Structure formats: C-alpha cells, structure tokens
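User: Hi, I'm new to reading protein models. Could you take me through one chain of this one?
Analyst: Gladly; here it is, and we can start with a term.
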Amino acid sequence: MRRAAVTTLSTAAGVVLLLSLKPHQSAPPPAVAAHRPGTSPPAHAPGSSRTGTFTGDVIDTDYGPVQVAVTLQQGRLTAVKALQVPSDRGRSREISSYAVPRLTQEALGAQSAQIDAVSGASYTSEGYTQSLQSALDKAGA
Amino acid sequence: MGTVFSFDIRDPATPAVHAALHGAVAWLHHVDAVFSTYRPDSAVSRLARGETTVERCPAEVGEVLRLCAEAERRTQGWFSATAGGVLDPSGLVKGWAVERASEVLYAAGARNTCVNGGGDIRLRGEGAPGTPWRIGIADPARPGRLLTVVAGRDLAVATSGTAERGCHILDPRTGRPARGLLSATVTGPSLTWADVYATAAFAMGDLARDRIARLEGYDVMTVSPAGEAWANAGFPCIADTVRTQGA
C-alpha cells in the first residue's frame with residue numbers, strides 16, 4: 001500500500017476546504033455531517049506563512065479510523081501523509097490502497113501517470129477530508 | 001459538510017499565476033460566505049428567510065438566481081433551487097464557482113489547469129504536453145473503485161450521486177430523495193451546466209438517458225441501482241475501461 005507522503009509535481013497547487021458550501025440539491029444534512037455548522041471556513045490560505053507538520057484528528061468511518069498529517073511550507077500544503085487508514089479487513093484494505101493515494105493526489109493536486117483527479121465520491125473521503133481539515137485548523141492555515 | 005477544492009496548474013508558476021491562484025481561493029471564500037445555506041448570516045440564508053432582497057444582496061446572488069431559473073427551464077423542472085421547499089441554489093453554485101475560478105486562472109495565463117470542487121471538475125488544456133487530462137469516475141456501487149476514465153482537454157465533468165453521504169439529492173417533483181440512480185455523470189463544455197445537468201439527471205433516473213443525452217454538447221453516464229453503467233455514444237470515456245453501451 002502506498003502510504004508515504006506524496007510531494008506535488010505541479011508547479012503550483014492549492015487546496016481549500018470550505019466547511020459550509022453544500023454539494024448539489026441537498027436534503028437537510030444528517031447530524032453526523034453537520035458537525036460544525038456555522039464555523040468559518042478553516043481554509044488553507046496560500047498566503048499564510050506557517051511551516052511544519054500538523055496531525056489531524058482521527059475520524060471514524062464505516063470502514064475504520066482515518067487520520068492524516070499535513071506538511072506546510074510557508075503556508076503552502078506540500079504533503080499529506082495518511083497515518084491511519086482502514087486496514088484490518090480485506091475489503092477495507094482494498095479500498096484504502098486505492099482511495100488514500102488518490103485522495104492524497106487530489107489534496108495536493110499532484111500529478112499521476114494514470115489519473116489526474118476523480119469525479120464522484122468514496123466513503124473514506126469524508127473521514128479523510130475531516131482529518132485533513134482538522135490538521136489545517138491546527139496549523140492555523 | 002465539507003467540500004474540498006483543489007487547483008492543479010501545470011503551467012510555469014509565474015507571479016501572475018500565483019496571484020490568480022490566491023484570487024481564485026479568495027473567490028471561493030466569497031462564494032461560501034454569500035451562498036452557504038449552512039451559515040445563518042449568509043446572503044442566501046437571509047434571503048431565504050425573507051430578511052433581505054435580491055437587490056440588497058451581492059450582485060452574484062442575482063446572477064445565480066437567474067441561472068437557476070434558466071436551469072429549471074432547460075431541465076423542465078428536474079433541477080430546482082427550491083427542491084426542498086426553501087431557497088437553496090447549492091446545486092448550481094458549486095459548478096458555477098469552480099467554472100469562475102478556472103476562468104480566473106486562465107485569464108492570468110494558466111492554460112493547463114484542473115480545478116476540482118468536491119469531484120466536480122473543470123479541465124483546461126492538457127495534463128502533460130500531448131496528453132489529455134484523465135479523470136476517473138468513481139464507482140458508486142464499489143466505493144474506492146473506478147467505473148471508467150474520462151479523457152479530455154477543455155472539458156467539465158460533474159457527478160451527482162449517493163455514494164458519499166447517502167441519499168441527499170431531492171426529486172423536485174416529490175420533494176423527497178431521488179432513488180432512481182446510484183450516480184449520474186455529465187460531461188460538457190461548462191461546469192456550471194454539467195453540474196446542473198448531473199443534479200437533474202440524478203433526479204430524473206432512467207429518463208436522463210434520453211433527456212440529457214439530447215442536450216447539445218453534453219453527454220451522460222448513469223449507474224442504475226443494480227450498479228450497471230450506461231453511457232450515451234458521445235460520452236468521452238476511454239475505450240475498454242467501462243461496462244457501457246452506446247445510445
């Protein structure tokens with residue numbers, strides 16, 4: 001499984017997390033998804049100057065815990081490392097081995113020989129996103 | 001409920017491109033502040049409660065509401081900004097905002113870009129010289145797997161589905177969650193419209209095959225509750241990567 005941090009190959013990349021902008025024509029959010037309503041977006045602002053590695057919260061998903069750490073250099077996201085991904089069951093491992101590198105590439109906007117991005121969703125991504133967001137919160141980015 | 005926006009720029013990182021990237025991020029924050037239905041103080045939330053008027057809102061609100069009205073017409077009501085009974089233009093705003101962010105980068109000279117708003121993607125130029133961008137389409141029946149790969153140069157790709165958070169797209173005709181498909185993916189020149197059509201297609205169910213495929217410049221792939229994919233003949237997936245059939 002590819003778990004190591006991926007460094008972006010793009011000449012420029014950015015990630016911004018917006019907590020409160022909903023996708024699509026939505027029903028009221030389920031309680032679990034509306035975990036922090038009304039908070040201001042703790043987004044990664046490419047202009048800020050924080051440098052270091054920040055560890056996100058452990059997020060429980062249907063497939064198991066997900067936790068990531070982010071590395072920022074002068075406020076720019078340069079790496080995302082998956083510290084915990086579901087791996088105790090065969091199916092979870094199968095999902096994680098694909099989903100986590102993919103999500104990391106998405107987060108970094110990194111280049112892949114095969115796939116540049118993914119349209120659609122996966123179960124792990126919600127936990128990944130939450131952990132990534134909490135890591136960025138801690139970074140004050 | 002978070003949405004991750006990412007920018008992948010394959011051009012030289014000139015000062016103008018960096019400035020445009022910051023501008024695009026600032027734009028998305030502005031959109032969130034104005035349009036979020038999760039923020040009670042957003043313009044759209046206040047408008048929905050009748051506490052303000054369109055004229056008093058930022059100019060983008062009027063623009064989005066006009067686009068929503070046009071979307072409702074173009075989809076014969078299958079897209080609606082009031083599907084849940086209250087004003088909620090979210091089904092159009094994300095694609096529209098990403099489209100605009102992509103334009104900001106282009107205007108600054110970034111010709112090869114991939115802007116991704118939670119899986120709704122606007123591509124420009126190429127992923128590498130001579131190589132189109134390649135976008136995986138998630139398989140809603142097998143989380144973590146791809147159903148197919150779409151390749152394109154100047155292309156928008158939007159997917160609506162239940163995979164991530166369960167049933168959450170409403171059928172405007174019933175006000176209840178649509179259940180006819182697991183997912184619908186629409187490709188075409190504009191992400192504003194690809195996003196609208198994907199949302200409408202998901203609400204339509206099987207009807208989408210005919211209604212969406214008929215729209216000039218747009219193609220559609222649907223996945224049935226049994227997990228079977230169908231795409232119209234023009235859908236730009238790479239050959240041999242998908243279980244699909246022609247229109």
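Analyst: Two strands pair if DSSP finds at least two bridges between them. Please keep in mind that this is a predicted model.
User: How many bridges join strand S6 of chain B to S9(B)?
Analyst: There are six bridges between S6 (residues 155–161) of chain B and S9(B), and the two strands run antiparallel. On to another partner, S9(B) is joined by five bridges to strand S10 (residues 219–223) of chain B, again in an antiparallel arrangement, and there B:Val186 has B:Val220 as its bridge partner.
User: Is S9(B) buried or exposed?
Analyst: Six of the six residues of S9 (residues 183–188) in chain B are buried, so the strand is largely enclosed by the rest of the structure. B:Ser183, B:Thr185 and B:Thr187 point one way, while B:Ala184, B:Val186 and B:Gly188 point the other way, and all are buried.
User: Switching to helices, at what angle do H4 and H5 of chain B cross?
Analyst: The axes of H4 (residues 90–107) and H5 (residues 191–204) of chain B cross at roughly 155° and come within 7 Å. The two helices are therefore roughly antiparallel to each other, and H4(B) passes H5(B) in a right-handed crossing.
User: What classes of residue does that contact have?
Analyst: The contact of H4(B) with H5(B) has six nonpolar, four polar and three charged residues.
User: And how much of chain B as a whole is buried?
Analyst: Of its 247 residues, 56% count as buried, and the secondary structure of chain B comes to six helices and 11 strands.

Technical notes: Residues numbered from 1 in each chain as written. Chains lettered and ligands numbered in written order. Predicted model: local features only at pLDDT ≥ 70, side-chain atom pairs only at ≥ 80, totals over all residues. Axes fitted to C-alpha atoms, helices over the stretch in contact; angles between N-to-C directions. Helix = DSSP H or I, 4+ residues; strand = E, 2+ residues; numbered from the N terminus. Parallel < 35°, antiparallel > 145°, perpendicular 65-115°, else oblique. Left-handed = near helix turned anticlockwise from the far one by under 90°. Nonpolar A, V, L, I, M, F, W, Y, C, P; charged D, E, K, R; others polar. Buried ≥ 20, exposed ≤ 12 C-beta atoms within 10 Å, placed from the backbone.
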